[in-house]
Amino acid sequence: IRAYRRAPLPLCSRLLIKAMAAALRKMHPRRAREYGGEGDFDVTAVEGRERTESHEGAALIRRLRAGSPHFGCYPFRAAFVDRCIDSGTLEALLGQRYLHPSSAESLVVLGSGISMLSARCVRRHGGVACRGGSYHGKVVFIEQSALDAAATVSVEHRCNMLGLVFAVHGLQDVAVERVSSEEAELLARTSYGLAYVAQSVCSDLAQSYNAEWPEAASMAGGCLLGQAGNYPRAGAEEGLAVENLWVFRERAGLGLGEEAGPFMPDHGAWLLNMAYGFVPEAPSRGGVGNGSSEGGADAKAARLQYKRQVAAAVQACALAGCDGLLIGCAEGLLGCELFGHPSADVAAEVWAEVLLGEGSTPGLASHFRALAFCLGGRTNPRTVLATKAALQGAFLR
């Protein structure tokens, strides 16, 4: 037994163990709070954490899974329960109101504008976007989370309509163990989570919160992302475009798991024009960049594939009328550390080529007034410095 413990497991055994663990997570979720905790069901819908009894929490999860295939993905399901349900964000959204912590009598009404969220899978780009000629927007590096950096970009660079590019979860839960920091922040602080909840569930839960969900909501008739075919594939030149997101919560802290902070005061909520997410493809088991000719060819193909995804994301935000662009870098450029591909240097080079152009080919940065690489949202200073150094090396040449 000791000899077996000391010897490294072969690759096939490690892959088998990982596949078994993924299968067990589908049948037996790790977190008990996924199905609610002890306590009574709070129907006031205005403050604190949402508390449900076990059978009510289990019933809610079953309804969510029946309405959207995304709740069959453990990383997204765990993030949704933790950041959106347990934090009270979904409660405030469906109740369309919350109590501001500064005063027990300060009731903030969100209004029916929350329900005007729209989401779609973008596979083809069409339309017209204005270009600034030879001038391109200013590229800045901000050590703040994506949503916190929005205020800085809006004030200092006079941007009125902001777009956020981030790494979105894949429908297969075997590639990564959790969602990206930017997606977790969207679930905790904005109306982003409503895109995954069916209209019938919204209406029923809103009634339990003594509110009425508008029948004329943009998601009327079902869930905006209720079909697996309406979602971007990993590595594909397509993405998830979510528009008209309301941001109504502050951030609690700098690190992962500290996204849901206090609610904003009255008239403090603001509108994020677009959040565009694509699914980076994890490296194959063949070993991209393993030194062989085949590995080198795979690395070039993967780089080109990633570049096409980046270009499609920037184009989508430009066509949506965004004049400021936020790029999530909490875990490397678009989650390259989380997904394990590509490396920071390669990702930075790709973004510089897309935004600044190559040779006689103009870059896409001329469509924006400012482009901010948001390095906050985590507490490890080494990874922040490594990502910033890679970006500066690519953009300041």
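User: Where do α4 and α7 run, and at what angle do they cross?
Analyst: Helix α4 covers residues 74-85 and helix α7 residues 181-189; their axes come within 8 Å and cross at roughly 40 degrees. Helices are DSSP runs of H or I, at least four residues, numbered from the N terminus. Axes are lines fitted to C-alpha atoms over the stretch in contact, with angles from 0 to 180 degrees between N-to-C directions. That makes α4 oblique to α7. Under 35 degrees counts as roughly parallel, over 145 as roughly antiparallel, 65 to 115 as roughly perpendicular and the rest as oblique.

User: What kind of model is this?
Analyst: It is a predicted model, where local features need pLDDT of at least 70 and side-chain atom pairs count only at pLDDT 80 or more, while totals for chains, interfaces and linings use all residues. Residues are numbered from 1 along each chain as its sequence is written, and side-chain values use heavy atoms, without hydrogens and water.

User: Is the crossing of α4 and α7 left-handed or right-handed?
Analyst: The crossing of α4 and α7 is right-handed, meaning the near helix is turned clockwise from the far one by less than a right angle.

User: Which residues make the contact?
Analyst: F76, A79, F80, R83 and C84 of α4, with E183, A184, L187 and A188 of α7. Contact means heavy atoms within 4.5 Å.

User: Now α11 and α12: what is their crossing angle?
Analyst: Helix α11 (residues 344-356) and helix α12 (residues 381-395) cross at roughly 40 degrees, with axes within 8 Å. α11 is therefore oblique to α12.

User: Which residues of α12 does α11 meet?
Analyst: A390, L391, A394 and F395.

Note on methods: Helix = DSSP H or I, 4+ residues; strand = E, 2+ residues; numbered from the N terminus.
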